Amino acid sequence: MDDRIFEIKIADNIEVVIDSRFNIKGFIEFIRLSFNKLEIKENIYKIYFDKNNIEKHKLLINAIGNMYKKRKDFNKATYKKLILNFKKDCIVKIKKYQVLFDEKAVYITVRKISSKEFEILFANPKEKVFNYIKGIFLFDILDFGKEKIIVSLNGESKRLVSALISKHSIMGYKVEFRVKKEEFESTESFNVEGSLKEYLTKIKNALELFGVDNIYEWNKIKKEYRRLAKKYHPDLHRTKPELIRKIYDKKFRRVKESYELLEEYYNNRASR
């Protein structure tokens with residue numbers, strides 16, 4: 001759950017303080033475009049009640065109510081009072097989140113951005129921590145910048161996230177993670193059906209690795225395997241730093257294991 005609303009007061013008017021970290025652009029645009037009786041001062045919006053614009057006032061209060069519902073300490077009585085007082089003037093304050101910042105800590109946000117990818121955001125980044133995490137996910141990295149890494153979302157990367165967020169320190173630095181754990185939960189089953197699903201998922205991931213849609217594109221698979229195996233072979237990276245060598249070794253082993261898995265699967269299909 002997300003505490004988008006820091007504070008809500010209902011007296012002579014309604015006063016709401018909203019967390020600026022969330023995507024509230026549409027909410028602010030709605031206020032600016034929907035109300036003529038409006039005062040704006042920096043990040044404070046005062047909306048005066050207009051009896052000729054009741055429906056928009058109702059929409060505004062309902063939007064605030066929906067955000068308030070997501071608070072961990074949601075109070076049903078306060079929510080009902082808010083909805084019933086839609087005819088009051090409303091003051092909306094946009095405020096940055098106040099936290100005690102530890103200069104020695106690295107703050108890391110991991111969040112899903114689509115069904116196929118997620119991002120890792122760093123606040124107060126440290127090079128050693130950044131490189132460590134980049135190394136863990138390097139085989140699935142889609143893009144990265146100085147303070148952000150975009151990673152492919154799959155079963156393996158989910159398991160890596162679950163292991164990563166359990167850490168309290170990395171490379172000697174304190175780390176604090178912000179993540180919705182349910183987005184990265186990987187349900188495992190030990191029955192036959194679960195094992196079959198896991199096996200087929202590995203086949204699917206291996207096919208994606210070699211850039212093909214099905215096992216019958218075997219010639220393409222072999223060609224891509226040779227290319228990747230040559231690219232990541234440890235012998236070609238002996239003179240590079242230890243971290244880089246470990247990364248390429250991991251890549252090479254994954255390429256080799258994926259090819260062996262597909263080879264076994266292909267041979268089993270061909271012998272039927």
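Reply: Start with axes: they are lines fitted to C-alpha atoms, for helices over the stretch in contact, and angles run from 0 to 180 degrees between N-to-C directions. Helices (H or I, at least four residues) and strands (E, at least two) are DSSP runs, numbered from the N terminus. This is a predicted model, where local features need pLDDT of at least 70, side-chain atom pairs count only at pLDDT 80 or more, and totals for chains, interfaces and linings use all residues. Residues are numbered from 1 along each chain as its sequence is written, and side-chain values use heavy atoms, leaving out hydrogens and water.

Me: Why is helix 2 called roughly antiparallel to helix 3?

Reply: Their axes come within 9 Å and cross at roughly 170°. Angles under 35 degrees count as roughly parallel, over 145 as roughly antiparallel, 65 to 115 as roughly perpendicular and the rest as oblique. So helix 2 is roughly antiparallel to helix 3.

Me: Which residues meet there?

Reply: From helix 2, Ile61, Asn62, Ile64, Gly65 and Tyr68 meet Thr78, Tyr79, Leu82 and Ile83 of helix 3. Contact means heavy atoms within 4.5 Å.

Me: What makes strand 3 and strand 4 a pair?

Reply: Two strands pair if DSSP finds at least two bridges between them. Here four bridges join strand 3 to strand 4 (residues 44-47), and the two run antiparallel. Leu38, for one, has Ile47 in strand 4 as its bridge partner.

Me: What makes strand 1 and strand 3 edge strands?

Reply: The open sheet has five strands in the order 1-2-5-4-3, with mixed pairing. Strand 1 (5-10) and strand 3 (38-41) each pair on one side only.
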